[in-house]
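This note is intended for a colleague who is opening the model for the first time. Please keep the structure in view while reading the points below.

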Amino acid sequence: MSGTKLVMGASGFLGSHVTRQLVERGDDVRVWIRQSSSTAAFDDLDVERHFGELEDDAALREAMKDVDTVFYCIVDTRAWLRDPTPLYATNVESLRHALDAAVEVGVPKFVFCSTVGTIASTKSGVADETMPHNWRRLGGDYIESRIQAEDLVLQYHREKGLPAIVLNVGTTYGPGDHGRTPHGNLVRSAALGRMPAYAKGGSMEVVGIEDAAAAFLLAEEHGRPGERYIVSEGFLSYKDLFDIAADEGGVAPPRFGIPHPVMRVMGAVGGGVSRVLRKDSVVSPTSVRLMHIQSALDHGKATRELGWQPTPTEGSIRAAVRWYLDQRKGARPA
């Protein structure tokens with residue numbers, strides 16, 4: 001599609017890949033980033049840079065002026081925060097400013113990055129976009145903030161006519177993870193032989209980063225405003241994730257699986273220590289629940305309506321390992 005595109009969150013893992021694919025497609029691309037944001041992921045691309053904070057309404061309107069599409073990829077994913085205030089500030093309140101600007105300017109299309117964490121879980125079969133969310137109280141403030149964000153986007157579509165499309169993206173893997181995502185760190189550790197154990201029974205929905213970014217471009221062309229699309233290739237256990245990463249890294253995989261009851265005890269201890277020391281802990285009751293609560297999802301709607309055809313995520317995990325190892329050696333990634 002011709003015209004100018006605005007990518008908000010272009011310094012992030014997914015946003016940088018959306019930016020790259022738009023440029024490769026031949027689009028004129030603007031990026032919205034903070035002055036403090038790293039630009040390493042797109043320094044080699046010819047893009048128009050707009051700097052600002054999401055509370056700066058005038059700057060938002062200026063950045064959105066004369067664009068065909070806004071790709072909104074800004075999210076705070078720090079589910080482990082003891083104080084959840086930043087999660088709601090970024091994921092909900094800052095988003096509201098962007099939505100107001102989009103409505104005021106009259107943006108023709110708004111493609112929003114949500115998460116598979118807003119999709120239902122099922123004990124049998126697979127879940128899809130039609131099922132009401134059924135584990136809200138178990139997901140903690142991170143999931144709550146993402147549900148509120150998605151609800152807000154769809155509310156702006158219904159009540160203010162914003163042509164918004166929601167993409168529910170799985171956990172992304174692949175090269176170009178300049179900011180080192182938490183899940184990318186796990187892959188890197190496993191590839192270096194530094195992952196001694198895995199959460200037994202823990203699984204998640206996964207997708208290659210290039211495939212996820214491609215879904216955003218397809219959503220711009222074929223997505224229906226007001227609709228949600230699952231953008232996740234498959235359901236993968238943590239054991240399989242670490243086995244793939246270790247194999248690509250040429251090291252032994254973690255052999256010890258920590259049973260779920262033990263993980264729950266570890267989560268309780270981590271949460272208690274966090275409260276006593278007033279420090280964030282990535283191991284908490286909520287983080288343990290999130291490792292075990294998700295079920296397999298059906299991305300058939302994205303295939304039927306968007307023409308999205310994801311490749312097996314294993315290839316992206318292996319590509320991520322090669323990229324991390326090249327970075328570690330100081331080599332230029334392919």
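The numbered points cover the sheet, the helices packed on it, and the aromatic rings.

1. Basis of the note. The model is predicted, so local features need pLDDT of at least 70 and side-chain atom pairs count only at pLDDT 80 or more, while totals for chains, interfaces and linings use all residues. Residues are numbered from 1 along each chain as its sequence is written, and side-chain values use heavy atoms, with hydrogens and water left out.

2. The sheet. Seven strands, in the order S3-S2-S1-S4-S5-S6-S10, make up an open sheet with parallel pairing. Strands (E, at least two residues) and helices (H or I, at least four residues) are DSSP runs numbered from the N terminus; two strands pair if DSSP finds at least two bridges between them. At the edges lie strand S3 (48-51) and strand S10 (228-231), each of which pairs on one side only. From one strand to the next, the twist averages 20 degrees; axes are lines fitted to C-alpha atoms, for helices over the stretch in contact, and angles run from 0 to 180 degrees between N-to-C directions.

3. Strand S2 (residues 28-33) runs parallel to S3 and is joined to S3 by four bridges. Within S3, His 50 is the residue opposite Trp 32.

4. Helices on the sheet. Helix H1 (residues 13-25) packs on the sheet and touches S1, S2, S4, S5 and S6, where contact means heavy atoms within 4.5 Å. The direction of H1 makes about 165 degrees with that of S1. Helix H6 (residues 209-222) lies across S1, S4, S5, S6 and S10, at about 160 degrees to S6.

5. Aromatic pairs. Four aromatic pairs are found in the whole structure. Rings of Phe, Tyr and Trp (its six-membered ring) pair if their centres lie within 6.5 Å; planes under 30 degrees apart are stacked, over 60 edge-to-face, and the rest tilted. Tyr 72 and Phe 110 are stacked, at 5.8 Å centre to centre with 25 degrees between the planes. This pair links strands S4 and S5 across 38 residues, and both Tyr 72 and Phe 110 are buried (under 20% relative accessible area, 1.4 Å probe, protein chains only). Ring pairs join Tyr 72, Phe 110 and Phe 112 into a cluster.

6. A pair within a helix. Tyr 238 and Phe 242 are separated by about one helical turn because they are four residues apart in helix H7 (residues 238-249). Tyr 238 and Phe 242 are both buried.

Key. Buried < 20%, exposed > 50% of the residue type's maximum accessible area, 1.4 Å probe, protein only.
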